[in-house]
Amino acid sequence: MLGRGLAVAVFAAALDQASKAAVLGFFGEAGCANHRLPLAWFLDLVLTCNSGVSFGMFNQAGLNGLIFSLLAAIVVVVLAVWLTRVRSSFLAVAIGLIIGGALGNVVDRLRFGAVVDFLYFHAGSWYWPAFNFADSTICLGVAAILLDGLLLRRSPSQAKGREDLLP
(Lines give C-alpha, C1' and ligand atoms only; values in the text may rest on other atoms or scores of the structure.)
Protein backbone atom coordinates (compact mmCIF):
# COMPACT_ATOMS: atom_id res chain seq x y z
CA MET A 1 0.00 0.00 0.00
CA LEU A 2 2.98 2.29 0.49
CA GLY A 3 3.61 2.45 -3.26
CA ARG A 4 -0.02 3.24 -4.01
CA GLY A 5 -0.18 6.00 -1.41
CA LEU A 6 3.09 7.56 -2.56
CA ALA A 7 2.01 7.40 -6.21
CA VAL A 8 -1.22 9.24 -5.32
CA ALA A 9 0.81 11.82 -3.35
CA VAL A 10 3.15 12.46 -6.28
CA PHE A 11 0.23 12.69 -8.73
CA ALA A 12 -1.72 15.08 -6.46
CA ALA A 13 1.30 17.34 -5.87
CA ALA A 14 2.17 17.38 -9.59
CA LEU A 15 -1.40 18.16 -10.63
CA ASP A 16 -1.57 20.91 -8.01
CA GLN A 17 1.64 22.52 -9.23
CA ALA A 18 0.56 22.21 -12.88
CA SER A 19 -2.79 23.88 -12.13
CA LYS A 20 -1.07 26.73 -10.30
CA ALA A 21 1.43 27.18 -13.12
CA ALA A 22 -1.46 27.36 -15.59
CA VAL A 23 -3.23 30.04 -13.54
CA LEU A 24 -0.01 32.03 -13.07
CA GLY A 25 0.62 31.78 -16.81
CA PHE A 26 -2.94 32.76 -17.65
CA PHE A 27 -2.66 35.93 -15.59
CA GLY A 28 0.92 36.56 -16.82
CA GLU A 29 2.44 36.46 -13.36
CA ALA A 30 5.64 34.91 -12.07
CA GLY A 31 4.48 35.00 -8.47
CA CYS A 32 1.82 36.24 -6.13
CA ALA A 33 -0.47 39.01 -7.30
CA ASN A 34 -4.19 39.71 -7.17
CA HIS A 35 -6.39 39.13 -10.20
CA ARG A 36 -10.04 38.19 -10.69
CA LEU A 37 -11.90 36.87 -13.72
CA PRO A 38 -15.61 35.98 -13.39
CA LEU A 39 -16.34 32.62 -15.05
CA ALA A 40 -19.94 32.01 -13.90
CA TRP A 41 -22.43 33.63 -11.54
CA PHE A 42 -21.05 31.40 -8.76
CA LEU A 43 -17.35 31.02 -9.73
CA ASP A 44 -14.44 33.37 -10.33
CA LEU A 45 -10.92 32.47 -11.36
CA VAL A 46 -8.72 34.49 -9.05
CA LEU A 47 -5.05 34.75 -8.34
CA THR A 48 -4.38 35.41 -4.71
CA CYS A 49 -1.77 34.31 -2.23
CA ASN A 50 -2.42 33.03 1.25
CA SER A 51 0.41 33.34 3.74
CA GLY A 52 -1.72 31.87 6.52
CA VAL A 53 -3.19 28.43 6.98
CA SER A 54 -6.40 27.07 5.50
CA PHE A 55 -8.77 29.67 4.12
CA GLY A 56 -6.62 32.63 5.18
CA MET A 57 -6.51 32.03 8.94
CA PHE A 58 -3.41 33.60 10.55
CA ASN A 59 -2.70 35.36 7.24
CA GLN A 60 0.11 37.69 8.31
CA ALA A 61 3.46 38.57 6.88
CA GLY A 62 6.64 37.34 8.50
CA LEU A 63 7.84 33.85 9.29
CA ASN A 64 4.52 32.19 8.47
CA GLY A 65 5.88 30.59 5.29
CA LEU A 66 8.75 28.90 7.12
CA ILE A 67 6.74 27.99 10.22
CA PHE A 68 3.83 26.51 8.23
CA SER A 69 6.24 24.68 5.91
CA LEU A 70 7.96 23.07 8.90
CA LEU A 71 4.62 22.08 10.44
CA ALA A 72 3.47 20.63 7.12
CA ALA A 73 6.74 18.69 6.82
CA ILE A 74 6.15 17.17 10.27
CA VAL A 75 2.60 16.20 9.28
CA VAL A 76 3.89 14.65 6.04
CA VAL A 77 6.44 12.56 7.97
CA VAL A 78 3.80 11.34 10.43
CA LEU A 79 1.44 10.48 7.56
CA ALA A 80 4.24 8.70 5.68
CA VAL A 81 4.95 6.55 8.74
CA TRP A 82 1.23 5.78 9.00
CA LEU A 83 1.21 4.94 5.30
CA THR A 84 3.86 2.24 5.87
CA ARG A 85 1.44 0.48 8.23
CA VAL A 86 -1.74 0.74 6.17
CA ARG A 87 -3.30 -2.43 4.78
CA SER A 88 -6.28 -0.82 3.03
CA SER A 89 -6.04 0.59 -0.51
CA PHE A 90 -8.78 3.10 0.31
CA LEU A 91 -6.87 4.41 3.33
CA ALA A 92 -3.57 4.46 1.41
CA VAL A 93 -5.14 6.64 -1.29
CA ALA A 94 -6.67 8.94 1.35
CA ILE A 95 -3.33 9.43 3.09
CA GLY A 96 -1.64 9.93 -0.28
CA LEU A 97 -4.11 12.71 -1.14
CA ILE A 98 -3.27 14.53 2.09
CA ILE A 99 0.48 14.11 1.64
CA GLY A 100 0.31 15.31 -1.97
CA GLY A 101 -1.79 18.34 -1.09
CA ALA A 102 0.49 19.27 1.80
CA LEU A 103 3.57 18.96 -0.42
CA GLY A 104 1.96 21.05 -3.17
CA ASN A 105 1.28 23.87 -0.73
CA VAL A 106 4.75 23.59 0.84
CA VAL A 107 6.31 24.07 -2.60
CA ASP A 108 4.35 27.32 -2.93
CA ARG A 109 5.39 28.53 0.51
CA LEU A 110 9.03 27.88 -0.29
CA ARG A 111 8.79 29.51 -3.75
CA PHE A 112 6.52 32.46 -3.01
CA GLY A 113 6.28 32.72 0.78
CA ALA A 114 2.56 32.01 0.42
CA VAL A 115 0.16 29.51 -1.16
CA VAL A 116 -1.33 30.32 -4.58
CA ASP A 117 -5.14 30.08 -4.52
CA PHE A 118 -7.33 30.46 -7.59
CA LEU A 119 -10.85 29.01 -7.19
CA TYR A 120 -13.40 31.38 -5.68
CA PHE A 121 -16.99 30.15 -5.26
CA HIS A 122 -19.76 32.54 -4.23
CA ALA A 123 -23.50 33.16 -4.39
CA GLY A 124 -24.77 36.62 -3.57
CA SER A 125 -23.21 37.67 -0.28
CA TRP A 126 -22.25 34.06 0.51
CA TYR A 127 -18.75 33.02 -0.46
CA TRP A 128 -16.15 30.36 0.16
CA PRO A 129 -12.55 31.60 0.59
CA ALA A 130 -10.34 31.05 -2.45
CA PHE A 131 -8.62 27.66 -2.56
CA ASN A 132 -6.57 25.44 -4.85
CA PHE A 133 -6.26 21.82 -5.96
CA ALA A 134 -3.99 20.92 -3.01
CA ASP A 135 -6.61 22.18 -0.55
CA SER A 136 -9.18 20.01 -2.31
CA THR A 137 -7.03 16.87 -2.12
CA ILE A 138 -6.37 17.47 1.59
CA CYS A 139 -10.11 17.85 2.28
CA LEU A 140 -10.95 14.75 0.20
CA GLY A 141 -8.26 12.74 1.97
CA VAL A 142 -9.49 13.78 5.43
CA ALA A 143 -13.09 13.00 4.44
CA ALA A 144 -12.02 9.57 3.16
CA ILE A 145 -10.16 8.83 6.41
CA LEU A 146 -13.24 9.82 8.40
CA LEU A 147 -15.41 7.68 6.14
CA ASP A 148 -13.04 4.75 6.58
CA GLY A 149 -12.87 5.12 10.34
CA LEU A 150 -16.47 5.98 11.10
CA LEU A 151 -18.73 4.53 8.45
CA LEU A 152 -17.17 1.59 6.66
CA ARG A 153 -18.38 -1.62 8.20
CA ARG A 154 -15.88 -4.27 9.18
CA SER A 155 -16.36 -7.67 10.65
CA PRO A 156 -14.98 -8.08 14.20
CA SER A 157 -12.11 -10.22 12.84
CA GLN A 158 -11.11 -7.41 10.44
CA ALA A 159 -11.28 -4.71 13.09
CA LYS A 160 -9.31 -6.66 15.70
CA GLY A 161 -5.62 -5.82 15.76
CA ARG A 162 -5.75 -3.17 13.04
CA GLU A 163 -2.48 -1.34 13.25
CA ASP A 164 -3.45 0.93 10.35
CA LEU A 165 -5.66 2.90 12.73
CA LEU A 166 -2.62 4.22 14.58
CA PRO A 167 -0.41 6.94 13.13
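Helices (H or I, at least four residues) and strands (E, at least two) are DSSP runs, numbered from the N terminus. With that settled, hello everyone, and let me walk you through this chain.

First, the ground rules. This is a predicted model, where local features need pLDDT of at least 70 and side-chain atom pairs count only at pLDDT 80 or more, while totals for chains, interfaces and linings use all residues. Residues are numbered from 1 along each chain as its sequence is written, and side-chain values use heavy atoms, with hydrogens and water left out.

How confident is the predictor? On pLDDT, the predictor's confidence in each residue from 0 to 100, the chain has a mean of 87, and 83% of its residues reach 70 or more. Helix H1 (residues 2-27) has the highest confidence, at 97, and helix H5 (residues 156-159) the lowest, at a mean of 55.

Now the overall layout. You can count 5 helices and 4 strands, in the order α-β-β-α-α-β-β-α-α along the sequence. If we call heavy atoms within 4.5 Å a contact, then among contacts with a separation of 6 or more, 64% are between residues 24 or more positions apart. Of the 167 residues, 40% are buried, where buried means under 20% relative accessible area, exposed over 50%, and partly exposed in between (1.4 Å probe, protein chains only).

Let's turn to strand E2 (residues 43-50), where 6 of the 8 residues are buried. Two strands pair if DSSP finds at least two bridges between them. Strand E1 (residues 35-40) runs antiparallel to E2, with 5 bridges, and a hairpin of 2 residues links E1 to E2. Look for Leu37 opposite Leu45 in E2. E2 also pairs antiparallel with strand E3 (residues 115-123), through 6 bridges; there, Leu43 has Phe121 in E3 as its bridge partner.

Finally, the surface. Accessible areas here come from the Shrake-Rupley method with a 1.4 Å probe, and for residues only the protein chains shown count as cover. The chain's accessible surface is about 9,400 Å², and 71% of that belongs to carbon and sulfur atoms.

Which residues make the nonpolar surface patch of about 650 Å²? They are Phe90, Val142, Leu146, Leu147, Leu150, Leu151 and Leu152. Helix H4 (residues 133-150) gives the most to this patch, with 4 residues. Leu146 sits in helix H4, and it counts as partly exposed because its relative accessibility is 47%.

Conventions
Patches are made of residues with over 30% relative accessible area and no salt bridge: like charges are joined within 9 Å, nonpolar side chains (Val, Leu, Ile, Met, Phe, Trp, Tyr) within 5 Å. A salt bridge is a side-chain nitrogen of Lys or Arg within 4 Å of a carboxyl oxygen of Asp or Glu.
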